[in-house]
Amino acid sequence: MSPLLDIRSLSVTFRGEQAVRAVEDVSFSLAEGEVAALVGESGCGKSVVAHAVAGLLPPGAAVSGAVLFQGRDLLALAEREMEAVRGAGIGVVFQNPSLALNPLHTVGRQVAEPLRVHRGEKKEQAFAAACRALAALGFADAPGLMRLYPSQCSGGMNQRVVTAASTILDPPLLIADEPTKGLDRDRVADVAGELGRLVAERGTALLLITHDIPVALALADRVAVMYAGEIVETGPAREVLGDPAHPYTRGLVASLPENGFVPIPGASPSPVDPPAGCRFHPRCSFCVDRCRTERPALAAAGRRLVRCRRCP
Ligand SMILES: Nc1ncnc2c1ncn2[C@@H]1O[C@H](COP(=O)(O)OP(=O)(O)OP(=O)(O)O)[C@@H](O)[C@H]1O
Ligand SMILES: [Mg+2]
């Protein structure tokens, strides 16, 4: 069976005074109903991948490769066709919920809007469905919430409002970019739990973008670890994050508080001028001469793929 989402050799460069090579040769697929996480340090290209899939890159971005969704290449669609896919086919919940919401419209109107726009539903019917969707996300007083404006809600509430609006058309794919960012630890568990339940109940595939490894482990079947625009390791989440093979993944896991907070030495490279050879080589304690000049391919190692010549 062909995957629901099949990202093939995606590269994204932002043109400007200096070209920013944000994403390089990323291939990744997602089956129907599968939950996969994209993890990695700030600036590694996670959101750019999400924006490329959702057709939300700025016009100046140079994009190559293919993003096949239900067999259609989204990169080849006109903006109007892409708008139809967004919402009905792909729901998106981005990093900052307040940017996704209109401050002048009530919560109810915004959660109901996709039903009105995409399905032409009448106001009463759409509002009733919106109210049920908010109740299903754990709001005890959904009718009261419907009448509030985003500024009257907390960040966490708005995050769930955006989730309700993004999933009300029951899209087969949901992309959630840092859905737990900025929340305190208890709320992180709540939001992750709600998201997990929502996609499990509906059989929605989820592309979860997060820098939070425990959240990725709690929700994802599969994980792709990105470093400096590239995937460096991918495979079953428990295997990759429980017993990492790539030196970067090892460093990422060792830097978790529960593992002693051991930082990876050095800093992420500039996407304007990434290192030759393996992009991680300047920070890698396993580096040998070839790593400085030859870019390693993603090679199969059991059920995972690893971009490193020295391992497994
Ligand atoms: N519109 C843009 N123009 C120029 N550069 C951009 C643009 N959007 C992103 N970038 C650059 O692309 C790289 C990848 O950015 P991206 O937002 O995907 O990182 P990220 O992994 O999502 O990080 P974070 O965890 O902080 O959200 C960064 O170097 C960023 O500065
Ligand atoms: Mg991001």
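Tyr 227 is buried, with a relative accessible area of 2% (buried means under 20%, exposed over 50%, partly exposed in between; 1.4 Å probe, protein chains only). This is a predicted model, in which local features need pLDDT of at least 70 and side-chain atom pairs pLDDT 80 or more, while totals for chains, interfaces and linings use all residues. Residues are numbered from 1 along each chain as its sequence is written, chains are lettered from A and ligands numbered from 1 in the order in which they are written, and side-chain values use heavy atoms, without hydrogens and water.

**Aromatic pairs**

- The structure contains 3 aromatic pairs (Phe, Tyr or six-membered Trp rings with centres within 6.5 Å; stacked under 30 degrees between planes, edge-to-face over 60, the rest tilted).
- Tyr 227 and Tyr 248 make a tilted pair, because their ring centres are 4.7 Å apart and their planes at 45 degrees.
- Tyr 227 belongs to strand β9 (residues 222–227) and Tyr 248 to helix α11 (residues 247–254), so this pair ties together parts 21 residues apart in sequence (DSSP runs numbered from the N terminus: helices H or I, at least four residues; strands E, at least two).
- Tyr 248 is buried, at 0% relative accessibility.
- Tyr 227 also forms an edge-to-face pair with Phe 280, at 5.0 Å centre to centre and 85 degrees between the planes.
- Phe 280 lies in the loop between α11 and α12 (289–293) and Tyr 227 in strand β9, so the pair links parts 53 residues apart in sequence.
- Phe 280 is buried, at 3% relative accessibility.
- Tyr 227, Tyr 248 and Phe 280 make up one aromatic cluster.

**Charges over rings**

- The charged end of Lys 123 sits over the ring of Phe 127, 5.2 Å from its centre (NZ of Lys or CZ of Arg within 6 Å of the ring centre and within 35 degrees of the ring normal).
- The charged end of Arg 160 sits over the ring of Phe 139, 4.1 Å from its centre.
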